Amino acid sequence: MSILTLLIFSPILFGLVILLLPTEWRNIFKHINLLATLVQLGIAVWLYINFKTGALFAGINHQGQYQFVEKLHWIGLNLGGTNRLQIDYFVGVDGISIMMLLMSSVVMVVAAISSWEINKNHKGYFALFLLLDVAITGVFCSLDFFMFYIFYELMLLPLYFLIGIWGGVRREYAAIKFFLYTLFGSVFMLLVMVGLYFSVRDPQTGNHTFNMICMMNPANYDKGSIFGILSNATLLGYPARVVGFIVLFVAFAIKVPVVPLHTWLPDAHVEAPTPVSIILAGVLLKVGGYGIIRVCFSIFPDIATSGAFWIGLLGVISILYGALNALAQRDLKRLIAYSSVSHMGFVLLGIASQTAEGMSGAMMQMVSHGFLSAMLFYLVGVIYNRVHNRDIYSFRGLGTLMPKYTVFVMVAFFASLGLPGFSAFIAEAFSLIGAFNSQAINGLLPNWMAVCGSVGILLSAAYFLWTLQRMFFGETQLKGGQIWELALTDLGKRELITLVPLALLAFALGVMPSLVFDKVNDSVLALIQFIQLK
Amino acid sequence: MITLTDFLFISAGLFCTGIFIVLSKRNAIQILIGIELIINAAILNLVAFGKYDKLNNAGQSFALFAIVLAAAAVSVALAIILNVYRQYKTIDPNKVERLKG
Amino acid sequence: METALSYTDPLIIQLAIAVVLLPFAAFLINFLLISKTSKVSGWISSLAILLSFILSAIVFFKVWDKPHDIHVQQVWFAIGNVKVQIGLWLNNLSVLMLLLVPAVALPVHIYSIAYMAGDAKYTRYFTYLSFFCFAMLALVVMDNMLLMYAFWELVGFASYLLIGFWFTRDKAVQANKKAFIMNRIGDIALLVGILMLYAHYHTFDMVKLFAGDNALANAQGVDKAWLTIPGICFLCGAIAKSAQFPLHTWLPDAMEGPTSVSALIHAATMVAAGIFLLGRVYPAFNADVLTVIAVIGCFTAFMAATIALTQNDLKRILAYSTISQLGFMMLAMGVGAYSSALFHLATHAFFKCLLFLSAGVIIHEMQHLKQKHQLNIDPQNILYMGGLRKLMPVTFITCSIAALALIGLPLTSGYLSKDGILIQAFEWAEGKGWLYSIIPIGAMLTSLLTAFYVARLMFKVFFGESRLKEFNPDIVPEAHDGSLLYQIPMMMLAACCLFPLFSFNPFFYEQAWLFKGFIASSYLERMNLYHTVVPVAVNLLIVPVIYLAYATYIKRDAHWFKQQGVLFRFSYNQWYIDSFYNKVIVKLVLLLSNLTYWLDKNVIDGLIGILANIGILLGKIAAWVDEYVIDGILHVITGIVKQGGNFVRGFQTGRVQGYLVTMLLVILVLYVLKTFI
């Protein structure tokens, strides 16, 4: 059994333990849960340290260059003659997934700690939490499309219940909206997946295959198959590959989320309990970005190049539109949700540029946003737990009342608005550099996109500073008066333990971006080269 | 001279009387009597037509069998009627309607 | 370490790093170890900046006016095939700034120890202050545009913290938000410029880009368009940071911070960064951009001076005077007087810092008076001051020296630097057509206006009788110079405002040592008439201007300015620029954001909602069809069967006699049918 399998499925063991224990022991469930995520984090850190870099370990479209690979036959059916249905259990990591794994396991630990506040139906909650953990880790490791899809869908189920049962006032609405939205995207993904299956043959066995790496090589496509590069097949009057790309892109764009497919996000984030918001913003959104890189761009590189302009445009629209919307919010959580839309726009812009700088910037932004959004949502959770109110206008002068809390809010806000020294600055700067470079290198994105993207940075300063000024500065004045003043205690020890590492991580990545770039670089270069060669 | 036709007339009359009794009476025993009449009409016919078989006298033989069988049937029927009476305290077949759906 | 240029000296490099890191160390110590109100923090920060100052002086003398720049770098991280380097680039410009920053910051630190003594967040203040100095010092020595931008932003961030230091005051937090966002506008432009340069030249290294004759910027036969556009972007960055029109409105509001912070912001840190940036990337500007710089500088200088004429808030007057002086520097940059601009930056740093520190003392005393007599006055309003000359002699003398330097009278440092700019502006405009001569004339006019508002300030504050008596004749105004912790830094700065520090010849600016360090300029020769005529003319005109102010405000027999005139209101309301921004631009952005939110809620989400409703509607239709059509057909069929069954059921009476009758009838009917038909 490889280490990756252990990484993916270890939470299930803990989940089973929780399910088997009697309900009266509910108080230790959260500890078991935390232990599960810590074990996972340990494994992820081990992976990160032992991850080899160099051009020979770039991964992307070379099966042999993936690390920690495990490949087992899973489902095999003789279909008569030479045809065999072949689905493999195939996991492995390259530079792109290793960072996602590390980031997601850190975020899961944070989410596990913030699950302390859960106060109903503990058993169900933690079992679902760990199931979600399995699904997320599985998505980042899978190299077989079928497995990828299973894990991808598996994420929805626990999330639906986590939002729908433990959420806020409009939780059912939000849960259903979220579920249907994402399902809408992934159902069509299933069709494309099947289409790809029937187009691709594994060169070793001669069977049709779901192996994503085989799908990346144009030589593996059958002659005249629907997604074959040379076959010029059409679907609904459009080239089949274009349709396939768009369908996959839409599926992932919903996750990212890209304007105009983003409206599930504010509702889901606002209604979800704090730990789930953290997971949603910290990890779920990255699944979208990861999917675009791993699936859309790698399997359809030709379309990715010809469609880069539109992808970049969507990115820029997301940046500006999300930022403007954030400016109009008065619910703190909603504001942060919209800021996520804006920040994830940089990911799209960076990816669309198809330059080493842009791609690395996008990766950095995903990692950085993972930490920062976890921190932001956790901070909102802190105040919400105390007074059950998130309206920005209900608070004023919290700086005097909760000085430590204010420090962390300032760190999180300034890091998010791209203050140098924090990870988001490097990430956004390099995403934009990629966008600028693009015109000179491959001519995909015009310069004005990068300029508009930088305006997004300006707007993010506007809404974050406004919030700071409105909520934290000035004379203390609370809607709930004296009662609130007593309820709003400063950060406790457990909260500090969560926030300090996150702040330090964001800072470390800002000062030493090589922590990410070193691991990512070879894969990014290989990806860029692969896309250019098509 | 009594002709075959006379026998047939009497037999038909018996048969009709029997049918009438069977259809009109509300008493199981009376109905049974009616049935006996019908059977006797049939036996009379057998005997009457027996003149065409003087060698074997098949008509008479069948008549004898029929009489015996009728007697047996009557005894069974009477036993049923007795049991029915025990169960329902009536022997009016219209009132014995437990099987009616 | 990899070396890029020929000359490195490990000692100097280590010293330079120490200069930068000392305040950072103080910042860390104060932030992590020192308790909130402990007085130790002030001394730690001051000690750090003192050491910094000494070390920077050593670095300065080792590097200044040497033939080689010092440049070292090390790989920071690699991205793609590009290695991003982190490094130091010490040339004359940067070591001058490296010296200037601690030189001005040191008095401010000492002054702050006394000034902030009673504050509840004493340690916090020095933490921020050290961080501010660190960011500025690092900005000055960085060789890498990305890092320079990083520290550029951190300077802005530190100023954000300091302006909003008293964060319970609404005005302060409004001001720091405004400062940060307006600076962010410039920052974005700067970032775009940097990224464009990177996209085209694939390096962030400023040495490669701008230094020496082999630099990319100076290379022959290269399309310079990719240098000019970033140049304009850099200009925008400098405009925001150095508070030039149209992004100047944050600076007057930034007065909400502690006065000592204002002194630092206005002198050597924050606003100086913009001018420094222009100097650092000077080769990126072509003649047209330079003209734009000159125009912006001249206009800003003039505008700010006119506004300063009518303001009543002591600090606000000084703020506008800073904007005006920064305009002068920009103008100098624009007309090619590179060295004069930096010279003025240096001299201005000292006298502006001194003016603010004096203002701090004065405001401090006024605050005392206000509390003592429970007056409802604004302690910063000069209309309530007056007659402080005798009460605060030290402050008066130091402040006068600074004021004279600001006006630019001979024997002061300001005279040297300002005349340099004026002369070179005239030379620049010569032979370029009359339109260009607006700039030197505007500058000249501005320096006269400067003389007037400075004189007004001095007369109102120090001369005459205390205006407080108009409130309550019984008040005996008391005011003191403050302790030695106030006086020493002020006297140190006052000494720096005099000519000997910069040139041994008090009348000819050309002989200032500072010029030797910078790009050789033909303007330095006293080759034409301007060098004599301009200084003489300016000074001759300044004297009557000062007298006019004296007549207006002390003798009160000149009534040239109507207090209600259109021009007065225009100036008093700061040309309505700020109101315009608030009423138009801020409103527009908010409107836009509300619009997009409306769009989001109603159009995009509405569309999704409609889709969902269509789904529900389809579902309902399907349900109806299911219930009434598909199920209906079934119901009809079963109904028929049931009816049939019910019909036949009637025959099953259970009456054997009935059955018999039926049977007989059937037989009869069959018999009849058989027989007769």
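Contact here means heavy atoms within 4.5 Å of each other. These legends describe a predicted model, in which local features need pLDDT of at least 70, side-chain atom pairs count only at pLDDT 80 or more, and totals for chains, interfaces and linings use all residues. Residues are numbered from 1 along each chain as its sequence is written, chains are lettered from A and ligands numbered from 1 in the order in which they are written, and side-chain values use heavy atoms, with hydrogens and water left out.

**View 1. Who touches whom among chains A, B and C.**
Chains A and B don't touch, and their nearest C-alpha atoms sit 53 Å apart. Two pairs of chains do touch, and the pair with the most contacts is A and C.

**View 2. The interface of chain A with chain C.**
Here 62 residues of chain A meet 48 residues of chain C. Together the two chains bury about 4,600 Å², with 71% of that on carbon and sulfur atoms; buried area is the accessible area (1.4 Å probe) that two parts lose on being put together, summed over both. The rule picks out two salt bridges across this interface, a salt bridge being a side-chain nitrogen of Lys or Arg within 4 Å of a carboxyl oxygen of Asp or Glu. One to look for is C:Asp170 with A:Arg396, whose closest N and O atoms are 3.0 Å apart. Helices (H or I, at least four residues) and strands (E, at least two) are DSSP runs, numbered from the N terminus. There are also 17 residue pairs in polar contact across the interface of chains A and C, both residues at pLDDT 80 or more. A polar contact is a pair of N or O atoms within 3.5 Å; within protein, one must be able to donate a hydrogen and the other to accept it, and residues adjacent in sequence count only if both atoms are side-chain atoms.

**View 3. The interface of chain C with chain B.**
Six residues of chain C are in contact with seven of chain B. About 690 Å² is buried between these chains, 59% of it from carbon and sulfur atoms. C:Arg655, C:Gln657 and C:Leu664 supply 62% of the area that chain C buries against chain B, more than any other three residues. For this pair of chains the rule finds zero salt bridges, but it does find two residue pairs in polar contact, both at pLDDT 80 or more.

**View 4. Helix H1 of chain C and its bend.**
H1(C) covers residues 10-32, 23 residues in all, and spans 31 Å from first C-alpha to last, close to the 33 Å expected at 1.5 Å a residue. That expected span is 1.5 Å times one less than the number of residues. The helix bends by about 35° at C:Leu21, with C:Pro23 following within four residues; the bend is the angle between axes fitted to the seven residues ending at a position and the seven starting there. Buried residues of H1(C) include C:Ile12, C:Val19, C:Pro23 and C:Phe27, where buried means under 20% relative accessible area, exposed over 50%, and partly exposed in between (1.4 Å probe, protein chains only). The buried residues of H1(C) pack against helices H2 (40-63), H3 (92-115) and H4 (122-141) and strands S2 (70-79) and S3 (82-90) of chain C.

C:Ser46 belongs to helix H2 of chain C and is buried, at 6% relative accessible area. Leaving out residues up to four places away in sequence, C:Ser46 touches C:Leu106, C:His109, C:Ile110 and C:Ile113. C:Asp205 lies in the loop between helices H6 (170-201) and H7 (206-210) of chain C, and is buried at 5% relative accessible area. The side chains of C:Asp205 and C:Gln73 are joined by a polar contact of 3.3 Å.

H16(A), residues 403-416, is mostly covered, with 10 of its 14 residues buried; among them are A:Tyr405, A:Phe408 and A:Phe413. Just after H16(A), A:Gly418 takes a positive phi of about 85°. A:Ala526 is found in helix H21 (residues 514-533) of chain A and is buried, with a relative accessible area of 16%. Beyond residues up to four places away in sequence, A:Ala526 touches A:Ala58 and A:Ile60.
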